[in-house]
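Here is a walk through one structure, starting at a pocket and moving on to packed helices. Keep the model open as you read.

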Amino acid sequence: MGGAVSAGEDNDELIDNLKEAQYIRTELVEQAFRAIDRADYYLEEFKDNAYKDLAWKHGNIHLSAPCIYSEVMEALDLQPGLSFLNLGSGTGYLSSMVGLILGPFGVNHGVELHSDVIEYAKQKLDFFIKTSDSFDKFEFCEPSFVIGNCLEISPDCSQYDRVYCGAGVQKEHEDYMKNLLKVGGILVMPLEEKLTKITRTGPSAWETKKILAVSFAPLIQPNHTDSGKSRLVHLPPVAVRSLQDLARIAIRGTIKKIIHQEALGRAGDGLKSPPRFKRRRLRRRRMETIVFLDKEVFASRISSPSDDNNNCEDMEEERLEEEEESKPSELKPDPPVNFLREKVLSLPLPDPLKYYLLYYREK
């Protein structure tokens, strides 16, 4: 799946393309996509493909195409404080983006069939928490991942405000998925080759909307034990935050407000913002068609009368790119400043308390 938008040079350019194509339509979703670099969830040797609108799979590790994740995030209509269940949570990329919107008082659970993928997701989550400046720009609802088959969730589990399933759902499992929802909740899943949004409007009432045609691998059926019983998946209990943790959230929130007010004050004093880095101009790409015949793949280029004109335009754009690259270095963006971290470290507090406020994160 994928290929709906042009590839980007970096994560921001990929998001620009998704916005232009109307896959990303709301500010909250845009902020979440920009905050987490998709390439961070790729293995090092495959990162060159991270900003293409294509799905990626290596062994049990899988990422859907960016256009699919965009449609899912928009359809879920996420709000702070909601509970979210990700069935087939994979690398944790989607769960982490959702966690940025849910905030510290949300619930963020994932179920994943493969233990190696759970370990991979935990490593990526730890890397994000320890190293990403985006962690300090948001109040994060950290996802919790459990291993198991999502068709074997214990019947006494809590229901959720939002549910997403990342594998194709067979028609016979539709009611099972619906029952995971609270009244007023939203379920997004691939159902009969269509990405489908189902809203629970009452105890036995539903509204269904088909979003777009998709092709997902089907859910893996449960593998019963020798005794014939299924292995029930028990989801984490909803944790109650300690008073100490609530105080940390409140203090960080207050510091962020102070930083925001100081920034507004500087803007009011007429201080100029640093010059914005201008993106490289993208060259027009000729349309290509790819033909699949059994196991062979044939790629051919479709010529058009405008190709000759495009060649001239390409040469002109290449010249402009060279001029932009030769401009003085002051047009390059400065390294981002983590104002929250700087403010916390400047407070007259004991070092252990400062590090606690920073979640013991690396610089």
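Start with the second largest pocket, whose lining divides into 20 nonpolar, 13 polar and two charged residues. Here Ala, Val, Leu, Ile, Met, Phe, Trp, Tyr, Cys and Pro count as nonpolar, Asp, Glu, Lys and Arg as charged, and the others, Gly among them, as polar. The model is predicted: local features need pLDDT of at least 70, side-chain atom pairs count only at pLDDT 80 or more, and totals for chains, interfaces and linings use all residues. Residues are numbered from 1 along each chain as its sequence is written, and side-chain values use heavy atoms, without hydrogens and water.

The lining holds 35 residues. His 62, Gly 88, Gly 166, Ala 167 and Ala 217 lie nearest the pocket's centre. The volume is about 700 Å³. A pocket is an open set of points on a 1 Å grid over the protein atoms alone, where a 1.4 Å probe fits, with protein on both sides within 12 Å along at least five of seven lines; lining residues have an atom within 4 Å of a point. The volume is the space filled by probe spheres set on those points, which are joined across faces, edges and corners.

Which elements each supply at least two residues of this lining? They are strand S2 (61–63), helix H3 (66–76), strand S3 (83–87), helix H4 (93–102) and strand S4 (107–112). Helices (H or I, at least four residues) and strands (E, at least two) are DSSP runs, numbered from the N terminus.

Now follow H3 and H4. Their axes come within 12 Å and cross at roughly 35°. Axes are lines fitted to C-alpha atoms, for helices over the stretch in contact, and angles run from 0 to 180 degrees between N-to-C directions. Tyr 69, Val 72 and Met 73 in H3 meet Tyr 93, Leu 94, Met 97, Val 98 and Ile 101 in H4; contact means heavy atoms within 4.5 Å. The residues of this contact are eight nonpolar, no polar and no charged.

Turn to H1 (residues 11–20) and H2 (residues 27–35). Their axes lie 9 Å apart, at an angle of about 155°. H1 and H2 are therefore roughly antiparallel, a term for angles over 145 degrees. Asn 11, Asp 12, Ile 15, Asp 16 and Lys 19 in H1 meet Glu 30, Phe 33 and Arg 34 in H2. This contact has two nonpolar, one polar and five charged residues.

Technical notes:
Parallel < 35°, antiparallel > 145°, perpendicular 65-115°, else oblique.
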